[in-house]
Amino acid sequence: MPLSSAKPADVIVILGGETGARSIRGLELYREGLSSTILLTGFEYGELQTQRSYLDWRAQFLVSSGVTKSRILFDLRERNSREEAENT
């Protein structure tokens, strides 16, 4: 999303299946004040495999970058990207 089109939202959603770029962009949006809450989804490496360690490294990155820990939510229910998109 181009910076100029970002608008305030209830939550910043950072989808799973990434190497860090999504987390960095989510952090930028948070710092711009577009939302005070971040939702991390956990889908990675195939259906039925939400990996807690995958959520944890992204949360640790966000907290070490200044995001308040209590402002980070986790989606542990979804099994694939389609479910993430439909239920978030």
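**The sheet and its surroundings**

Tutor: In this predicted model, the protein holds three helices and three strands, and along the sequence these elements follow the pattern β-α-β-α-β-α. The part to look at closely is the sheet, which is open and has three strands in the order S1-S2-S3, with parallel pairing. Its edge strands are S1 (12-14) and S3, each of which pairs on one side only, and neighbouring strands are turned on average by 25° against each other, direction ignored. Between S1 and strand S2 (residues 38-41), the parallel pairing runs over three bridges, and Ile-14 has Leu-40 in S2 as its bridge partner. Helix H1 (residues 21-31) packs on this sheet, where it touches S1 and S2, and the direction of H1 makes about 170° with that of S1.

From here one can turn to Ser-65, which sits in the loop between helix H2 (52-64) and strand S3 (72-75). Ser-65 counts as buried because its relative accessibility is 18%, under the 20% cut-off for that class. A polar atom of the Ser-65 side chain lies 2.8 Å from the backbone oxygen of Phe-61, and, leaving aside residues up to four places away in sequence, Ser-65 touches Leu-27 and Arg-31.

For the whole protein, buried residues make up 41% of the 88 residues, and, among contacts with a separation of 6 or more, 64% join residues 24 or more positions apart. The protein exposes about 5400 Å², of which carbon and sulfur atoms supply 54%.

How values were computed
Residues are numbered from 1 along each chain as its sequence is written. This is a predicted model: local features need pLDDT of at least 70, side-chain atom pairs count only at pLDDT 80 or more; totals for chains, interfaces and linings use all residues. Side-chain values use heavy atoms; hydrogens and water are left out. Helices (H or I, at least four residues) and strands (E, at least two) are DSSP runs, numbered from the N terminus. Buried means under 20% relative accessible area, exposed over 50%, partly exposed in between (1.4 Å probe, protein chains only). Contact means heavy atoms within 4.5 Å. Accessible areas come from the Shrake-Rupley method with a 1.4 Å probe; for residues, only the protein chains shown count as cover. A polar contact is a pair of N or O atoms within 3.5 Å; within protein, one must be able to donate a hydrogen and the other to accept it, and residues adjacent in sequence count only if both atoms are side-chain atoms. Two strands pair if DSSP finds at least two bridges between them. Axes are lines fitted to C-alpha atoms, for helices over the stretch in contact, and angles run from 0 to 180 degrees between N-to-C directions.
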